[in-house]
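I am opening my notebook on a structure I have not looked at before. These entries record what I looked up, in the order I went.

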Amino acid sequence: MSAPDPLEELRQVEAELNQRWPETKLDPSVERIRALAELLGDPQTSYPVLHITGTNGKTSTSRMVDALLTRVGLRTGRYTSPHLQLVTERINVDNAPISPERYVEVYRDIEPLVSIVDSRGEVPLSKFEVLTGMAFAAFADAPVDAAVVEVGMGGQWDATNIADGKIAVITPIGIDHVDYLGSSLEGIATEKAGIIKPGAVALLAEQDPVAERVLLRRIAEVDAMVARQGSEFGVLQRDVAVGGQLLRLQGLGGVYEEVFLPLHGAHQAANAALALAAVEAFFGAGADRQLDVDAVREAFATVASPGRLERVRSAPTVLVDAAHNPHGAKALAKALDEEFGFRKLVAVVGVMDDKDAVGILSELEPVVTEVVLTANSSPRAMDPDLLAGVAIPIFGEDRMVVQPHLPDAIEEAVRLAEDDDDGGVVSGGGVIVTGSVVTAGEARALFGKEPS
């Protein structure tokens with residue numbers, strides 16, 4: 001009898017989990033996940049947690065924090081969402097995704113306890129709540145020395161918030177997930193501020209003044225400590241370099257010179273400063289003590305952030321980016337404008353139907369020559385014809401094409417990027433595939449990129 005196929009077993013588990021409420025459906029309560037954690041022995045209390053929320057940059061910042069902690073010798077767990085290609089990407093131990101076999105094993109181990117919690121209430125555990133329980137349990141089993149935990153959505157009512165993070169990291173806050181968090185920046189910031197716990201250290205990225213006031217009020221209420229980007233830490237200098245950028249960073253413990261980051265964009269430099277300050281705070285670094293500069297350099301040099309301005313092909317260059325809201329699209333457009341000298345740039349855009357397509361397309365329009373409108377395979381994907389209706393006032397009919405299927409859309413974009421107006425071939429053309437995490441993940445897979 002042949003051994004079971006790990007990927008087939010993983011697909012079976014995913015099919016079971018997909019019977020539960022998806023991450024797009026919420027019941028604002030942490031009681032179910034608390035009940036599950038209690039049955040598991042509260043694994044989230046067995047290691048210190050660095051908790052990360054915000055609107056954009058959470059996953060990249062999480063990866064940077066993980067790289068820094070790993071380089072100084074800690075065994076780490078990292079929980080992020082959503083995934084690009086394979087769900088195992090969400091639960092990392094030793095700075096790498098757990099195997100499909102381990103994912104299935106962890107799920108089967110906690111499955112009986114999940115059933116107990118389900119039987120006690122009217123609302124069963126959601127898929128995200130089960131995944132969160134799996135991550136906390138896997139980290140305790142490893143065991144890890146520290147866990148880097150990214151919030152799924154919001155903060156206060158997020159399943160991850162049963163962990164008491166000694167470090168609370170808040171990336172820039174903007175408008176997103178309006179159906180669940182509302183359209184008020186103050187309300188969104190209030191929800192995200194919920195991860196700041198009594199006595200914690202809060203590291204704040206540069207924020208809109210409205211959001212910053214909310215965060216500082218929460219910090220005062222719970223008697224937490226605070227360090228702010230642009231005040232106690234930040235980016236002192238940023239130079240575009242081959243394959244990324246060279247940074248001079250102001251940390252809590254001093255200046256870190258000549259830090260190479262193999263990622264593009266001013267937003268990634270800001271994420272690096274935030275991650276550095278978070279790890280400094282974790283180790284208690286301050287005005288008279290900083291981390292080993294060589295270790296910091298080595299850690300940042302190893303950082304990868306799949307699906308974030310990631311090159312998946314050359315000649316013509318094809319980049320993939322998971323920007324899925326106007327804030328992310330603005331950062332993407334800025335990086336494309338400042339760091340890439342494309343003579344012609346074609347965007348392939350596929351968005352979800354609950355996202356601000358107008359805002360995303362409007363941010364991209366100034367840096368894009370033409371746009372190919374498409375859809376990914378998600379049932380939540382916006383119909384390309386509807387997306388075209390949104391795009392016409394922004395791009396005009398002459399600058400847009402509709403290709404319903406992503407592979408065809410990318411093929412069309414490559415052709416457009418290489419063609420000049422006279423039917424010849426133009427050099428220096430590029431393609432950016434963006435609009436959704438799912439779109440970015442499916443594009444990576446089309447170009448043969450492995451989950452990571």
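**Entry 1. Terms and model.** I take helices (H or I, at least four residues) and strands (E, at least two) as DSSP runs, numbered from the N terminus. I note that this is a predicted model.

**Entry 2. Cis peptide bonds.** I started with the backbone. Most residues other than glycine have a negative phi, and most peptide bonds are trans. I looked for exceptions and noted two cis bonds. One joins A142 and P143, with omega at about -20°. P143 sits in the loop that runs between α5 (127-141) and β5 (146-150). Another cis bond joins S81 and P82, where omega is about -10°. I placed P82 in the loop between β2 (76-79) and β3 (91-93).

**Entry 3. Positive phi.** Next I looked up D42, which is not a glycine but has a positive phi of about 50°. D42 belongs to the loop between α2 and β1 (49-53). Its relative accessible area is 29%, so I list D42 as partly exposed. D94 is also a residue other than glycine with a positive phi, near 60°. I found D94 in the loop between β3 and β4 (96-97). With a relative accessible area of 42%, D94 is partly exposed.

**Entry 4. Three-stranded sheet.** In what order do the strands of the open three-stranded sheet stand? I read β9-β10-β11, with antiparallel pairing. β9 (234-241) and β11 (254-261) are the edge strands and have a single partner each, so one side of each has no neighbour in the sheet. On average, neighbouring strands here are turned by 15° against each other, direction ignored. Seven bridges hold the antiparallel pair of β9 and β10 (residues 244-251). At one place in this pair, A241 faces G244 of β10. I then found helix α9 (residues 266-282) lying across β9, β10 and β11, at about 40° to β10.

**Entry 5. Nonpolar cores.** Which residues touch the most other members of the largest nonpolar core? Out of 38 residues in that core, they are V65, I167, L203, L249 and F300. Helix α9 gives the largest share of this core, eleven residues. Leaving out residues up to four places away in sequence, its contacts include V235, L236, Y256, L276 and F300. There is also a second, separate core of 37 residues, with V13, V87, L125 and A137 among them.

**Entry 6. Six-stranded sheet.** I moved on to an open sheet of six strands in the order β12-β13-β17-β14-β15-β16, whose pairing is mixed. Its edges are β12 (310-313) and β16 (400-405); each has a single partner strand, so one side of each lacks a neighbour in the sheet. Neighbouring strands are turned by 25° against each other on average, direction ignored. Helix α13 (residues 384-395) packs on this sheet and touches β14, β15 and β16, with its direction at about 160° to that of β15.

**Entry 7. Strand β15.** Is β15 buried or exposed? I count six of the six residues of β15 (370-375) as buried, so the strand is largely enclosed by the rest of the structure. In a regular strand the side chains alternate between the two faces of the sheet. In β15, E370, V372 and T374 point one way, V371, L373 and A375 point the other way, and all are buried. β14 (residues 344-349) runs parallel to β15 and is joined to it by four bridges. In this pair, V346 has E370 as its bridge partner, and V348 stands opposite V372.

**Entry 8. Cavities.** How many cavities of 30 Å³ or more does a search of the whole structure find? I note four. The largest cavity holds about 90 Å³ of space. Among the residues lining it are R63, R78, H83, E89, R308 and S452, and also P82, the proline of the cis bond with S81.

**Entry 9. Two single residues.** R102 is in helix α4 (residues 100-120). Its relative accessibility is 22%, so it counts as partly exposed. Beyond its neighbours within four places in sequence, R102 contacts A138 and D141. From R102 to P6, 96 residues away in sequence, the C-alpha distance is 9.3 Å. Last, I looked up L26, in the loop between α1 (6-17) and α2 (31-39). L26 is partly exposed, at a relative accessible area of 43%. L26 and F128 are 102 residues apart along the chain, and 9.7 Å separates their C-alpha atoms.

How values were computed: Residues are numbered from 1 along each chain as its sequence is written. This is a predicted model: local features need pLDDT of at least 70, side-chain atom pairs count only at pLDDT 80 or more; totals for chains, interfaces and linings use all residues. Side-chain values use heavy atoms; hydrogens and water are left out. Two strands pair if DSSP finds at least two bridges between them. Axes are lines fitted to C-alpha atoms, for helices over the stretch in contact, and angles run from 0 to 180 degrees between N-to-C directions. Contact means heavy atoms within 4.5 Å. A nonpolar core is a set of buried Ala, Val, Leu, Ile, Met, Phe, Trp, Tyr and Cys residues joined through side-chain atoms within 4.5 Å. Buried means under 20% relative accessible area, exposed over 50%, partly exposed in between (1.4 Å probe, protein chains only). On a 1 Å grid over the protein atoms alone, a cavity is a set of points where a 1.4 Å probe fits but cannot get out, and a pocket is an open set with protein on both sides within 12 Å along at least five of seven lines; lining residues have an atom within 4 Å of a point. Grid points are joined across faces, edges and corners, and a volume is the space filled by probe spheres set on the points.
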